[in-house]
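Student: Please take one part of this model and go through it closely. Give the cut-offs as you use them.

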Amino acid sequence: MIRDPSAARTIGLVALVVVGLLGSAYALGRSLVPDPPKSRVATSATGPHYADQPPASDTPRPTKEGDPSSGPTEAGQDGGPGPDGTPSPGPTDGPFGTQTTSGTSLVALTFDDGPDPQYTPQVLALLREHRVRATFCVVGENAQSHPDLIRAIAADGHTLCNHSWNHDVTLGQRSPAAIRADLLRTSAAIRAAVPDARIAYYRQPGGAWTGQVVSVSQELGMTPLHWTVDPADWEVPGAGPIAATVVADVVPGSVVLLHDAGGDRQGTVDALHRILPALTSRFQVEALPDGAT
């Protein structure tokens with residue numbers, strides 16, 4: 001037992017100093033550890049959880065039309081519409097020569113990642129109500145799981161587009177043989193539902209285009225299809241922001257990127273209630289041509 005009061009005070013001060021030093025060391029160590037990255041991939045209770053989120057940092061990130069922070073090679077644009085309100089310079093001005101516009105004054109709505117049994121029927125019903133045909137970029141595994149929806153899409157006169165077997169954002173980095181096998185497998189799943197389906201387009205998941213995936217899709221008779229307007233519905237911002245972006249940004253010839261699967265797509269469905277009447281009152285909205293006679 002310590003009987004000297006001055007000695008006790010000295011020991012107490014030393015203990016306080018030690019505790020303070022330990023606390024400072026802990027705080028310094030915590031500040032040097034980065035926080036884990038936040039995922040931007042939308043999820044849902046059903047179906048595959050993927051969407052056209054921006055690709056990894058080592059691949060070009062597609063941006064919205066007219067974004068001044070990006071150059072032609074990243075965004076696939078040269079700065080937005082020309083003087084007459086039409087996209088410029090042409091339909092193949094996207095990454096690696098991909099098509100970004102309809103090539104005419106027609107506006108094209110495209111729906112990616114489906115089909116989905118919850119959202120695709122709602123999209124089809126709204127398109128039917130407004131007498132609009134669109135382009136559906138379907139994922140092979142979803143086409144295999146829901147052939148009835150592929151048949152419904154084709155029966156309504158919509159254009160079909162290959163969107164890879166399982167939404168592989170890194171597909172373009174694989175060998176040409178692997179890319180070819182993936183795209184052929186996806187097209188086979190589509191044609192298992194609709195044997196005479198014309199599959200005129202391929203869209204790379206995430207917009208992560210490479211020269212190899214563009215070349216293989218073209219060799220298989222498909223046009224590599226990018227987009228002009230991206231309302232980022234894959235971020236699930238709600239129906240209001242989705243509709244506002246599309247209505248404000250579309251010009252003659254625009255190709256609009258939307259999703260009917262890959263996460264919670266009710267906001268996209270609800271946005272169509274505003275998008276469809278607004279666009280059809282200003283433009284001719286039609287599916288991209290599939291080359292069928």
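Tutor: What follows is a look at one helix pair, with its setting in the chain.

This is a predicted model, where local features need pLDDT of at least 70, side-chain atom pairs count only at pLDDT 80 or more, and totals for chains, interfaces and linings use all residues. Residues are numbered from 1 along each chain as its sequence is written, and side-chain values use heavy atoms, with hydrogens and water left out.

First, the setting. The chain has 9 helices and 6 strands. Helices (H or I, at least four residues) and strands (E, at least two) are DSSP runs, numbered from the N terminus. Of the 293 residues, 47% are buried, that is, under 20% relative accessible area with a 1.4 Å probe, protein chains only; exposed means over 50%, and partly exposed lies in between.

Now the pair. Two packed helices are described by the angle between their axes and the distance between the axes. Helix α3 covers residues 120-129 and helix α9 covers residues 266-280. They pack at about 5°, with axes 10 Å apart. Axes are lines fitted to C-alpha atoms, for helices over the stretch in contact, and angles run from 0 to 180 degrees between N-to-C directions. So α3 and α9 are roughly parallel.

Which residues touch? From α3 come Gln122, Val123, Leu126 and Leu127. From α9 come Gln266, Val269, Leu272, His273 and Leu276. Contact means heavy atoms within 4.5 Å. An α-helix has 3.6 residues a turn, so residues three or four places apart point the same way. By class, the α3–α9 contact has 6 nonpolar, 3 polar and no charged residues. Nonpolar covers Ala, Val, Leu, Ile, Met, Phe, Trp, Tyr, Cys and Pro; charged covers Asp, Glu, Lys and Arg; the others, Gly among them, are polar.

Valine 246 counts as buried because its relative accessibility is 0%. Leucine 258 is 12 residues away from valine 246 in sequence and 9.6 Å away in space, C-alpha to C-alpha.

Definitions and conventions
Parallel < 35°, antiparallel > 145°, perpendicular 65-115°, else oblique.
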